[in-house]
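Grab a pencil and open the structure viewer. Below are some exercises, each with a solution worked out step by step.

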Amino acid sequence: KKILGSGKFFPMFITGLSGNGKTTMVEQACAELKRECIRVNITNFTDEDDLVGGFRLVGGESVWSDAPCVVAMERGAVLLLDELDYGDPRKINCLQSVLEHGKIFIKKMNRYVTAKAGFTVVATGNTKGQGGEGSDKFTGTNILNEAFLERFRITVEQEYPSKTVEKKIVMNLMNKNECLDEVFADNLVKWADIIRKSFFEGATDDIITTRRLEHIIEDFAI
């Protein structure tokens with residue numbers, strides 16, 4: 001929130017296990033700061049056309065259309081690259097100059113784009129860009145180029161919330177869904193905490209995420 005509130009160009013990478021609120025945290029920080037946030041979900045098929053722009057067929061004619069990266073640069077918005085380590089390193093390398101100094105040359109249009117003040121990039125991922133080889137949890141994630149990763153000024157490792165914070169999340173969601181039950185909320189949070197400790201100790205292959213707790217509460221409300 002402090003970084004986004006500064007309005008400075010300061011790309012950062014937020015990493016951590018799935019379902020712990022990495023993306024939600026960025027979106028909520030932007031909402032509180034009244035910053036526009038443009039989110040792109042990265043997949044193995046995401047390429048330069050999806051990120052920078054390309055020609056689209058409109059009314060029978062081929063027309064250039066800017067993609068989210070250029071739109072965010074020109075609006076001075078926050079570009080949120082969600083699940084960055086699912087991207088193919090060869091296809092997302094077009095962002096390297098954007099991450100380095102907030103500028104990009106679009107070859108297809110012979111056009112140079114310089115980001116407006118306030119533009120920055122936040123990426124989220126589960127594996128610190130190291131890929132999920134040998135891991136059943138993050139199949140499909142890729143090892144990202146070290147030079148590409150170095151463009152991010154900092155990497156922040158986000159853990160699951162503390163039991164106190166997680167109980168607040170659970171209680172707030174129960175309130176919203178009109179199914180308040182403090183005993184059940186306590187048990188959910190304790191259960192998740194025990195399973196996580198077992199996971200980190202290697203006693204179980206499964207983990208209970210904060211997202212999973214949200215799903216359980218919505219089921220409970222129904």
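**Exercise 1. Find Leu 149 and work out whether Leu 149 is buried or exposed.**

Step 1. Start by locating the residue: Leu 149 sits in helix H7, which covers residues 146-149. Keep in mind that you're looking at a predicted model.

Step 2. Now check the accessible area. Leu 149 has a relative accessible area of 12%. The cut-off for buried is under 20%, so Leu 149 counts as buried.

Step 3. Who's around? Skip the neighbours within four places in sequence, and Leu 149 is in contact with Phe 13, Lys 128, Gly 129, Gln 130 and Leu 144.

Step 4. Leu 149 and Thr 209 are 60 residues apart along the chain, and their C-alpha atoms are separated by 26 Å.

**Exercise 2. In what order do the strands of the 5-stranded open sheet come, and which are the edge strands?**

Step 1. Walk across the sheet and you'll meet E2-E5-E8-E1-E9, with parallel pairing.

Step 2. An edge strand pairs on one side only, and that picks out E2 (37-41) and E9 (154-157).

Step 3. Follow the pairs one at a time. E2 and E5 are joined in parallel by 5 bridges, and here Asn 41 is opposite Asp 82 of E5. Next, E5 and E8 pair in parallel over 4 bridges, with Val 78 facing Thr 120 in E8. At the other end, E1 (residues 12-15) pairs in parallel with E9 over 4 bridges, and Ile 14 stands opposite Val 156 of E9.

Step 4. What holds such pairs together? Strands of a sheet pair through backbone hydrogen bonds, either parallel or antiparallel.

**Exercise 3. How many residues of E5 are buried, and which way do they point?**

Step 1. Count first: 5 of the 5 residues of E5 are buried, so E5 is largely enclosed by the rest of the structure.

Step 2. Remember a handy rule: in a regular strand the side chains alternate between the two faces of the sheet.

Step 3. Now look at E5 itself. Val 78, Leu 80 and Asp 82 point one way, while Leu 79 and Leu 81 point the other way.

Step 4. See what lies on the sheet. Helix H2 (residues 22-33) lies across E1, E2, E5 (78-82) and E8 (120-125), and runs at about 170° to E5. Helix H4 (residues 68-75) packs on the sheet as well, touching E2 and E5, with its direction at about 165° to that of E2.

**Exercise 4. Describe how H9 and H10 meet.**

Step 1. Take the axes of H9 (residues 182-200) and H10 (residues 210-221): they come within 11 Å and cross at roughly 150°.

Step 2. Angles over 145 degrees count as roughly antiparallel, so that's the label for H9 and H10.

Step 3. List the contact residues. H9 brings Phe 184, Leu 188, Trp 191, Ala 192 and Arg 196, and H10 brings Thr 210, Leu 213, Ile 216, Ile 217 and Phe 220. Sort the residues of this contact and you get 8 nonpolar, 1 polar and 1 charged.

**Exercise 5. Where are Lys 34 and Asn 110, and are they buried or exposed?**

Step 1. Lys 34 is in the loop between H2 and E2. Its phi is near 55°, a positive value in a residue other than glycine.

Step 2. Lys 34 has a relative accessible area of 76%, so Lys 34 is exposed.

Step 3. Over to Asn 110, in the loop between E6 and E7. Those two strands form a hairpin with 4 residues between them. E6 (residues 103-106) and E7 (residues 111-114) run antiparallel and are joined by 4 bridges, with Ile 106 opposite Arg 111 of E7.

Step 4. Asn 110 isn't a glycine either, yet it has a positive phi of about 50°. With a relative accessible area of 62%, Asn 110 is exposed.

Terms used: Residues numbered from 1 in each chain as written. Predicted model: local features only at pLDDT ≥ 70, side-chain atom pairs only at ≥ 80, totals over all residues. Heavy atoms only, no water. Axes fitted to C-alpha atoms, helices over the stretch in contact; angles between N-to-C directions. Parallel < 35°, antiparallel > 145°, perpendicular 65-115°, else oblique. Contact = heavy atoms within 4.5 Å. Nonpolar A, V, L, I, M, F, W, Y, C, P; charged D, E, K, R; others polar. Pairing = 2+ DSSP bridges. Buried < 20%, exposed > 50% of the residue type's maximum accessible area, 1.4 Å probe, protein only.
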